[in-house]
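Let's take a walk through a protein model together.

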Amino acid sequence: YILNAIDDTSREAREGLASGIKHTFFIGIENIILPWFAGEETDVVRNRLLEHMAAFAYRCEKYTKPVTDTYEYLSSGSLGRARLEAACAGTSIYQTLKRLDYQQGMTDLFSNEIRNRKTKNLNSSIDPQSAKILIVTALPKEAAAVVATFDEVESTGVHNDSAIYRVGRFISETGEARVALTVNAGMGKVMASTLGANALRSFPNVRYVVMVGIAGGCPNPTNPENHIRLGDIVVSRPDAGVLEYDFIKQTAKGGEIRKYPQAACAAMSSAMNNLLTDAIAGKRPWEGWTDRISTALGPSYAYPGEEKDILHEGVKIIDHPVQADRRVGKPRIVQGLIGSADILQKDPTVRDKLRDTYDIRAIEMEASGLQTAAWTQGRDIYVIRGICDYCDEHKDDVWQNYAANVSASMARVVIETMPLAWL
């Protein structure tokens, strides 16, 4: 199986395999890994193979030289060194690497060129004020998924702002780095609005605001094209991002929504359209990130299984419609209007009315508040939601972690797709 997968032309497939065998060892596997490592042209795949070798160098002496040679080549304090150290922590080779680090450090004291480089590394903390992107979540499980997508991350705070922010870098395969802030707001649009206003005041260079996390979906079993399923990703429709459906005028004839949806962030919509274009040709980088997050955070963040995606009509279980573009175990991406209110929605009658009247595809509780905060300071927002339930009395938590996973994966990929000139 491994030998066949090594020849796969998909970089994502090879990377997934290399990540999967990070904690796997059997007698003779080195006869597969070492030739693969020598012939692999993609750095990210080579790095995952090195982590496997670092983890098992204590069992296979042939792994020691590639690991130590690479470690010596990397800069002191670099992310690459940290990954190798983490992979072999608790084994004999860890001490070997730390001795190399110490010896190089002593040599650096007598080399102006290396000393200058080392000083630069020691002062390379991430400047939060350089961030152009703010990612907001509502729940810790959503925040954990976002943080897991950062290649480097630090905590930070600002005077007279009670929130604790994480500032991190997304580092692409080409070495390009994009800096983003993330913060957890808590549930509800008031919390999101308050935090958003404070964040934009504390970090005035932020240009793009992204709401990431979970939401309820609006299934449409009689219309397969518009049907939403658990684990799907609903993102802002370019012309209409969020509808605040509890901002109403109440009369004897019923409620009338008084707020109209704003257009979504044009730059992020453009990046999403680019990704959807590539997806037609089979390029779906968010799927690779979904696997990485579930590896990092544990099996509760993995796909729960199609058999757990149960759709009800009242108390009756009904079938999902057949969708030609549906791939089992993979999220379907939908650009749609997102309904937002300070209501934990569990009424399928209201859900279906919002779907049929306004073409709402997902329902959540924070985006309209964040949108208001962004609008007051001249910013647009973009919303990325993973679907975790159907907004009915059968709502539970089974799909929440996976929905947080897919939304964070999509956020990472959208941001990485944005040209550096925008950031």
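The structure holds four cavities of 30 Å³ or more. On a 1 Å grid over the protein atoms alone, a cavity is a set of points where a 1.4 Å probe fits but cannot get out, while a pocket is an open set with protein on both sides within 12 Å along at least five of seven lines; a lining residue has an atom within 4 Å of a point. Grid points are joined across faces, edges and corners, and the volume is the space filled by probe spheres set on the points.

A quick word on the model: it is predicted, local features need pLDDT of at least 70, side-chain atom pairs count only at pLDDT 80 or more, and totals for chains, interfaces and linings use all residues. Residues are numbered from 1 along each chain as its sequence is written, and side-chain values use heavy atoms, with hydrogens and water left out.

Here are two of the spaces. In the table, Ala, Val, Leu, Ile, Met, Phe, Trp, Tyr, Cys and Pro count as nonpolar, Asp, Glu, Lys and Arg as charged, and the others, Gly among them, as polar.

| Space | Volume | Lining residues | Make-up of lining |
|---|---|---|---|
| Largest cavity | about 100 Å³ | 14 residues | five nonpolar, two polar, seven charged |
| Second largest pocket | about 440 Å³ | 17 residues | seven nonpolar, two polar, eight charged |

In the largest cavity, the residues nearest the centre are Leu230, Tyr303, Arg326, Gly329 and Lys330. Helices (H or I, at least four residues) and strands (E, at least two) are DSSP runs, numbered from the N terminus.

Now for the strands. Two of them pair if DSSP finds at least two bridges between them. Strand 2 (residues 152–158) and strand 3 (residues 161–171) are antiparallel, with six bridges, and Val153 sits opposite Gly168. Their hairpin has two residues between the strands, and Asn160 takes a positive phi near 65°. Strand 3 also runs antiparallel to strand 4 (residues 177–184), again over six bridges, with Arg169 opposite Val179. This second hairpin has five residues between its strands, and Gly175 in the turn has a positive phi of about 90°.

Which strand has five of its five residues buried? That's strand 13 (residues 360–364), so it is largely enclosed by the rest of the structure. Buried means under 20% relative accessible area, exposed means over 50%, and partly exposed is in between (1.4 Å probe, protein chains only). Strand 13 joins strand 5 (residues 208–217) through two antiparallel bridges, with Gly216 opposite Ile363. Strand 12 runs parallel to strand 13 over four bridges, and Ser340 has Glu364 as its bridge partner.

Finally, take helix 3 (residues 30–39). Its buried residues are Glu30, Ile32, Ile33, Trp36 and Phe37.
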